[in-house]
Amino acid sequence: MAKSKKDSKRPSAEVIVVDGVLDVDEAAEVIPFNYAITAYGADPQVDGLVRRMKGGDIFVPLFSLSEKEAGTKLRFQREFVWNKQQADRFIESLLLGLPVPGIFLVKEESGRHLVLDGHQRLRTLNAFYTNEWDGGPFELEDVQDRFRAKTYDTLDASDRRRLDDSIIHATIVRQDQPSEDLSSIFLIFERLNSGGTSLQPQEIRVALYHGPFGELLTSLNADKNWRSLFGRKSKRLKDVELILRFFALLESSKKYSRPMKGFLSSYMAHRRHLAASEHEEYRRLFVDTTTVIKKALGARAFRPKTSLNAALVDALMVGIARRIKAKGKITSHSEVEAAFEHLLEGQVFRDAISRATADEENVSVRLDKATAAFAKVK
């Protein structure tokens, strides 16, 4: 068991611009946690991997959801970056009995296995076995003559058996304690995806904590007022993350501690299986909050300067939502505007949304001041 303790003196992560959003650099944040992991190896045959993928026992995680498919099914979400030559060479390596890189799987409490690393290889296998590539058949091209123009079904019987019986080593990891927040799996995800275009924390959360709450966040991200306030959709899910932050800070700000990355992950894990009966309450409060901000302050509300300021989003959203929860709908948009202008005049508040924004004190200061500013608006 590996253990880590929070160091209150560790430096705060730098505030940078990520996908047009001024926010703490989550990549530089270190998550302190206590955990116990079990890791073991397995050597599944290729045909077994394909069969289990088809049956849903092994699935590639969502790193995003399209509006069309949100809440309906799991599917390959990360862009398939292998070209045909890479895919052909991978299948050929298996046909020739050559060793190939292994895969990493996460065993979930349900018994299903989530693909942590290796989805390009698994998608290639699935495509070859189903004979589908880019809208046409998957015929081998960039391979030696004996395999050229072959599909899975037209392979010689001996070659097909060799492929079916090929082994791909799998490292399977399971977080034993704490079982609910998957902190160690989150860390492994970050480390495995450190090369190339690394995954952002919210992309990892969407993958690990898939379920009703994640689907709700994706749905709320399409709210017209939210889209006007945030701007065009974030390719790295920064907009979805800010919606998550809104709910997390609204409900659990008293429990907040650095790093923000760990706080949000724990909250999303806790809310992962949000009951259907609670969806409407969450949706209504979010929509009411964004409606007031858009009508009272306009589309530039989250941008005191050029970039959208994530800390200001926290303060505005939570402050308005707390007022709505306490007294019902807000009707005086002019009072909201006046309260907002007064809020921005305060140096303490401005500091709390511009420097060390993930520090406990600054999070508390900006939320408290925003709550006080909007508490008496009609």
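This is a predicted model: local features need pLDDT of at least 70, side-chain atom pairs count only at pLDDT 80 or more; totals for chains, interfaces and linings use all residues.
**Entry 1. Overall make-up**

I started with the secondary structure and found 15 helices and eight strands in the protein. I then looked up burial: of the 378 residues, 50% are buried. The accessible surface comes to about 18000 Å². Carbon and sulfur atoms account for 48% of that surface. For contacts I took pairs of residues at least 6 apart in sequence, and 73% of these contacts join residues at least 24 apart.

**Entry 2. Helix α3 and its partners**

Helix α1 covers residues 46-55, and the axes of α1 and α3 come within 10 Å. The crossing angle of α1 and α3 is roughly 90 degrees. Angles of 65 to 115 degrees count as roughly perpendicular, so α1 and α3 are roughly perpendicular to each other.

Which residues make the contact between α1 and α3? From α1 I noted Val 46, Asp 47, Leu 49, Val 50 and Met 53. From α3 they are met by Leu 122, Leu 125, Asn 126 and Tyr 129. By class, I have seven nonpolar residues, one polar and one charged in the contact of α1 with α3.

The axes of α2 and α3 also come within 10 Å, and they cross at roughly 80 degrees. That angle makes α2 roughly perpendicular to α3. On the α2 side I listed Ala 87, Phe 90, Ile 91 and Leu 94. On the α3 side the residues are Arg 121, Thr 124, Leu 125 and Phe 128. The class count for the contact of α2 with α3 is six nonpolar, one polar and one charged. I note that Leu 125 is in the contact with α1 and also in the contact with α2.

**Entry 3. Helix α7 and Phe 213**

Next I took Phe 213, which lies in helix α7, residues 212-220. Is Phe 213 buried or exposed? Its relative accessibility is 0%, so Phe 213 counts as buried.

I listed what Phe 213 touches, leaving out residues up to four places away in sequence. The list is Leu 244, Phe 247, Tyr 267, Met 268, Arg 271, Arg 272, Leu 274 and Tyr 282. I also looked up the distance from Phe 213 to Glu 278, 65 residues apart along the chain; their C-alpha atoms are separated by 9.9 Å.

For α7 as a whole, the buried residues are Phe 213, Gly 214, Leu 216, Leu 217, Thr 218 and Leu 220. What covers them includes α8, α9, α10 (260-271) and α11 (276-297).

**Entry 4. Asn 225**

Helix α8 is among the elements covering α7, so I picked a residue from it, following the contact rule of heavy atoms within 4.5 Å. Asn 225 lies in α8, residues 224-230. At 13% relative accessibility, Asn 225 counts as buried. Not counting residues up to four places away in sequence, Asn 225 touches Thr 290, Thr 291 and Lys 294.

**Entry 5. Salt bridges**

Side chains of opposite charge can pair when their charged atoms come close. I counted 20 salt bridges and looked up several.

The side chains of Lys 84 and Glu 141 form a salt bridge, with 3.4 Å from N to O. This pair links distant parts of the chain, 57 residues apart. Lys 84 is in helix α2 (residues 84-95), while Glu 141 is in the loop between α3 (119-130) and α4 (157-165). How do the two ends compare in burial? Lys 84 is buried, with a relative accessible area of 16%. Glu 141 is partly exposed, with a relative accessible area of 48%. I also noted a network of salt bridges that links Lys 84, Asp 88 and Glu 141.

Lys 150 and Asp 156 form another salt bridge through their side chains, at 3.8 Å from N to O. Lys 150 counts as partly exposed at 22% relative accessibility. Asp 156 counts as partly exposed at 41%.

Terms used: Residues are numbered from 1 along each chain as its sequence is written. Side-chain values use heavy atoms; hydrogens and water are left out. Helices (H or I, at least four residues) and strands (E, at least two) are DSSP runs, numbered from the N terminus. Buried means under 20% relative accessible area, exposed over 50%, partly exposed in between (1.4 Å probe, protein chains only). Accessible areas come from the Shrake-Rupley method with a 1.4 Å probe; for residues, only the protein chains shown count as cover. A salt bridge is a side-chain nitrogen of Lys or Arg within 4 Å of a carboxyl oxygen of Asp or Glu. Axes are lines fitted to C-alpha atoms, for helices over the stretch in contact, and angles run from 0 to 180 degrees between N-to-C directions. Angles under 35 degrees count as roughly parallel, over 145 as roughly antiparallel, 65 to 115 as roughly perpendicular and the rest as oblique. Ala, Val, Leu, Ile, Met, Phe, Trp, Tyr, Cys and Pro count as nonpolar, Asp, Glu, Lys and Arg as charged, and the others, Gly among them, as polar.
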